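I kept to what could be looked up in the coordinates.

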Amino acid sequence: MKVLLLKDPKDKDSGPDPYVKELGLYGFEATLIPVLSFEFISLESLFEKLSHPECYGGLVFTSPRALEAIKICLKEKSKNEAWLKSLKQRWKTKPTYVVGKATASLGEEPNSSALLFPCGALKREVLPTALREKGIPLESLTVYQTTQHPDLRESLSSYFSQQGIPASVVFFSPSGVKFCLQHIQKLSGDFLAHIKFAAIGPTTAEALEAAGVPVPCTAESPTPQDLAAGLQKVLQAQNCRVSE
């Protein structure tokens, strides 16, 4: 069975994409189509804030893109020298919070200084609201913007014309729903009902459902293993067969 994954491929230098590999173990033929493109912004402002660790109680990251923004920001020789000379060590003495860790631990943060939060333009307000309710100041700085991948439409058209209708289409973000869903509905035509739509997590599932699309499969956690297990269960249960 064919599965279309609407996500960027993993860095080629680190081997095969784990989602394609895991789905292959279950007998699925998975294809990746990159959906998003990222533009990094406000990097001078980011470095200015990074230059004053004494003003912040720590760092908060909810996206690998935010970490990438810092790496790009520090590529310039003079900035990198300043970082290595003292800033890196000074930031090391402060806590860093990432998604997946117990958010409750933030409620025990004794420092009254604001947490620095490099984020995307489409950030959700869940984290800022939760911290505000706990009385923890958060200073957000938008360091990247999410746009549609320039080759998206052409890639989707090529996939459907060459591979046919997939058994499942997996969305990995609400942005993916925004940029892809209408194209997929148009390309699928009368066969749209044959596709089992899947989401990598509840936020993405909500975006699909808000667009009127049923989501029979939402991964229990955003991992290749849970996605593959969920798809196998749904596709086998529905006896979903797609002509090769």
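Predicted model: local features only at pLDDT ≥ 70, side-chain atom pairs only at ≥ 80, totals over all residues.

**Helix packing and salt bridges**

I began with helix α2 (residues 43-50) and helix α4 (residues 77-92), whose axes come within 11 Å and cross at roughly 45 degrees.

Turning to charges, I found that the structure holds 8 salt bridges. One of them joins glutamate 54 to arginine 90, with the closest N and O atoms 2.7 Å apart. This pair links distant parts of the chain, since glutamate 54 sits in the loop between α2 and β4 (56-61) and arginine 90 in helix α4, 36 residues apart. I noted glutamate 54 as partly exposed because its relative accessibility is 47%, and arginine 90 as partly exposed because its value is 35%.

Next I looked up arginine 65 and glutamate 68, which form a salt bridge with closest N and O atoms 3.2 Å apart. Both lie in helix α3 (residues 64-73), 3 residues apart, about one turn of the helix. Asp8, Arg65 and Glu68 are linked in a network of salt bridges.

Last, I checked glutamate 76, which forms a salt bridge with lysine 79 at 3.1 Å between the closest N and O atoms. Glutamate 76 is partly exposed at 42% relative accessible area, whereas lysine 79 is buried at 7%.

Definitions and conventions: Residues numbered from 1 in each chain as written. Heavy atoms only, no water. Axes fitted to C-alpha atoms, helices over the stretch in contact; angles between N-to-C directions. Helix = DSSP H or I, 4+ residues; strand = E, 2+ residues; numbered from the N terminus. Salt bridge = Lys/Arg side-chain N within 4 Å of Asp/Glu carboxyl O. Buried < 20%, exposed > 50% of the residue type's maximum accessible area, 1.4 Å probe, protein only.
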